[in-house]
Amino acid sequence: MKELVVRRLSPPARTAGLLVILGLAALANPPAPPSTPPPTPPSATAQEGIQVPKPPFSEGIFPCSSCHDGKSMKVNLQRRELTGMHGDIILNHGPESRWCLDCHDPANRDRLRLASGERIGFDTSYQLCGQCHGDKFRDWRVGVHGKRTGSWNGAKQYLLCVHCHNPHSPRFQALKPMPPPTRPEQIQSRKGGAL
Amino acid sequence: MTAREPIQPAEGCASSTPGGGSRREFLGTAVAAVATTLTGCGKLSHEEFLQHNFRELSKDEVRDVIARLEREYKEKYGREVKVANTAPLPGVIFGYALDLSRCIGCRRCVHACVKENNQSRSPEVQWIRVLELEKEEGVNLQHADQYYDPAEVPREGHFYMPVQCQQCKKPPCVKVCPVGATWREKDGITVVDYNWCIGCRYCMAACPYGARHFNWGEPNLPPDQVNPDTHYLGNRPRPKGVVEKCTFCIQRTRKGLYPACVEICPTGSRKFGNLLDKTSEIRYILENKRVFKLKEELNTQPNFFYFYGV
Ligand code: SF4
Ligand code: SF4
C-alpha cells in the first residue's frame with residue numbers, strides 16, 4: 001500500500017529533530033497496509049491504551065540479533081558509510097549529527113534506545129520520535145496528527161510514526177494522484193436521451 | 001399481487017418488460033401516465049409510485065419498502081443487497097474536520113467514496129471534489145482547479161482542499177426542496193429519500209458547496225462493484241433522475257465505523273467524531289487548532305471544519 005508512505009511534513013520542524021535511525025533496512029519498503037474496516041488485532045503493546053499494528057519491518061530482517069549477535073560482528077560505533085549491508089538506507093534525518101546507534105541500542109539491536117538510555121521495543125517507537133517531536137507526539141496521542149482507523153466511538157488503531165514516515169528519511173514523498181472528475185464537456189450522451 | 005412488474009411507459013418509450021398491461025389495468029391508465037411522466041422512460045412499480053415519504057412511513061411500511069427494494073436490487077444486480085434503516089444514535093451529532101496542512105490532493109478519498117457509496121461509474125459521479133489552490137492566493141476559490149492531474153502531488157506552491165457535503169446546521173438545500181424529499185437527521189446528517197425526490201434540482205442550485213449531484217442517466221453500477229452493505233438514506237443504488245450527496249457514510253458511521261474517506265486517507269488528514277463527546281478528537285481540534293468553515297458568511301453553519309494541524 002504505497003499511499004501509506006506518504007506524509008506531509010512541515011519542513012522546518014522536521015529536520016530539527018532526533019531521528020529514528022533504524023539500523024535495519026526496515027523501511028526501505030512501503031509499510032504494511034492499514035487494515036481497512038475491522039482493525040487487525042494489534043500485535044503490539046497497548047501502552048496508554050494505544051493499539052498499533054506491527055512495525056513495518058522489511059521481510060526477514062527482524063530480529064536484528066540474528067546478524068548483530070555481538071559475536072560474529074563487533075559493534076562498530078564509528079560513523080561511516082555503510083557498504084556491506086543496509087546500503088539502501090539513505091540517512092536523511094539530521095544526517096550531520098545523527099548516527100544509527102543514537103536510536104538503535106548498540107548492546108541489543110532488537111531494541112531501540114531513548115536518550116535516557118532506556119530501551120524500548122520497535123512497537124513503541126513513537127516514544128523515541130516523541131523525544132524531539134513533542135508537539136506531534138501530543139497531537140498523535142489525541143488522534144489529531146496521523147491516522148486512526150477502527151471506530152469513532154470505540155476501539156481505534158493508530159499507525160506508528162514509521163508507518164507513514166520513513167524514519168531514515170522522513171520527508172514526505174510525492175504520490176500519483178488518482179483520476180480527476182470527468183469534465184462536463186467530455187461526458188458523452190447516449191442514444192435515447194441522457195447517458 | 002406481485003407488484004414488481006413495471007408500469008409500461010407511454011408511447012415513445014420502447015419497453016421490453018412484460019406485464020405492463022395488467023399493471024395498467026390495475027392502476028388505471030391515468031395513474032400510469034403520471035408515473036411515466038415522473039420517471040421518463042424508466043420503470044416504476046405501483047408500490048413505488050404510491051410509496052409515501054420515508055418519514056411518514058409506519059414501521060411495517062418501512063419493512064415492506066425495504067423488502068421490496070432488496071428484491072429489486074437482487075433482480076437487477078443478481079446478488080444480495082442489504083438495505084439498513086439504522087436510526088441516529090442518541091447523544092450524537094457528527095462533525096468532520098480536515099487538516100489542510102496535511103492533505104496532498106491524492107484523491108484516494110474521492111475514489112474510496114465512489115466505491116463505498118455505489119455511485120455511477122461511467123460517467124463517474126464523485127461526491128468529493130478536491131480543489132487545488134495556490135499557496136500565494138490562500139483559500140481563493142476563483143483560483144481553484146478540480147481537474148488537476150500532474151504526475152505527482154503535491155505540486156510545488158499549491159495546497160489542496162477537498163470539498164463535500166458540509167452537513168450544514170442550516171441547510172439551504174433542505175429549505176428549497178418543494179416536496180420535502182431531503183431533510184436533516186437528528187445526528188446532523190442531511191439525507192435524501194431517493195424515492196420521494198422528483199429531480200427538480202432546486203437543492204443543487206441552493207447548495208453553495210456544489211455538494212449535490214444529479215443522476216442524469218441510469219447510474220452505471222456494474223453488479224460486481226456493488227457494495228451490498230447499504231442504508232435506505234445512504235448508499236443504496238439510486239435510480240435515474242434523483243439527487244444524491246455525501247451522507248458521512250451513514251451506513252458505516254451509525255454503526256460506529258469511520259467514513260470510508262477517513263479510513264483511506266494516507267496522510268491522516270481526515271478526522272471524524274461526535275461533536276457532543278468532550279473527549280473526541282473532533283472536539284480537541286475545535287478547541288485547540290486553527291479552524292475555519294467554508295463560506296462562513298453564508299450562515300449555513302457547516303458541521304464540517306477545516307483546520308491547520310501545524
Ligand atoms: S485521501 Fe487524504 S491526502 Fe488524499 S486527497 Fe483525500 S484528504 Fe487529501
Ligand atoms: S453542503 Fe450543500 S448539500 Fe450539504 S447540507 Fe449544506 S447546503 Fe445541503
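## Ground rules

A polar contact here is a pair of N or O atoms within 3.5 Å; within protein, one must be able to donate a hydrogen and the other to accept it, and residues adjacent in sequence count only if both atoms are side-chain atoms. This is a predicted model, where local features need pLDDT of at least 70 and side-chain atom pairs count only at pLDDT 80 or more, while totals for chains, interfaces and linings use all residues. Residues are numbered from 1 along each chain as its sequence is written, chains are lettered from A and ligands numbered from 1 in the order in which they are written, and side-chain values use heavy atoms, with hydrogens and water left out.

## Chain A and its Asp105

Chain A has five helices and four strands (DSSP runs numbered from the N terminus: H or I with at least four residues for helices, E with at least two for strands). Going along the sequence, the pattern is α-α-β-β-α-α-β-β-α. Of the 195 residues in chain A, 46% are buried, meaning under 20% relative accessible area, with exposed over 50% and partly exposed in between (1.4 Å probe, protein chains only).

Now zoom in on Asp105(A), in the loop between helix H2 (100-103) and strand S1 (112-113) of chain A. Asp105(A) counts as buried because its relative accessibility is 2%. Its side chain makes a polar contact of 2.9 Å with the side chain of Arg119(A). Leaving aside residues up to four places away in sequence, Asp105(A) touches Arg111(A), Leu112(A), Arg113(A) and Arg119(A), where contact means heavy atoms within 4.5 Å.

## Where the chains meet

The contact draws 54 residues from chain B and 43 residues from chain A. The area buried between them is about 4200 Å², with 55% coming from carbon and sulfur atoms (accessible area, 1.4 Å probe, that two parts lose on being put together, summed over both). Arg108(B), Tyr147(B) and Glu263(B) supply 16% of what chain B buries against chain A, more than any other three residues.

On the polar side, 17 residue pairs are in polar contact between the two chains (both at pLDDT 80 or more). S10 of chain B gives the most to the side that touches chain A, with four residues. That side of chain B has 25 nonpolar, 16 polar and 13 charged residues; Ala, Val, Leu, Ile, Met, Phe, Trp, Tyr, Cys and Pro count as nonpolar, Asp, Glu, Lys and Arg as charged, and the others, Gly among them, as polar.

There are two salt bridges across the interface (a side-chain nitrogen of Lys or Arg within 4 Å of a carboxyl oxygen of Asp or Glu). The side chains of Asp139(A) and Lys289(B) form a salt bridge at 2.5 Å, N to O.

Helix H10 (residues 281-288) of chain B has Glu281(B), Ile282(B), Arg283(B) and Ile285(B) buried. The buried residues of H10(B) pack against elements of both chains, including strand S3 (148-150) of chain A and strand S2 (94-99) of chain B.

## Trp127 in chain B

Trp127(B) sits in the loop between H5 and strand S3 (129-134) of chain B. With a relative accessible area of 2%, Trp127(B) is buried. Its side chain is joined to that of Glu244(B) by a polar contact of 3.1 Å. Among the residues Trp127(B) touches, not counting those up to four places away in sequence, are Cys113(B), His213(B), Arg238(B) and Glu244(B).
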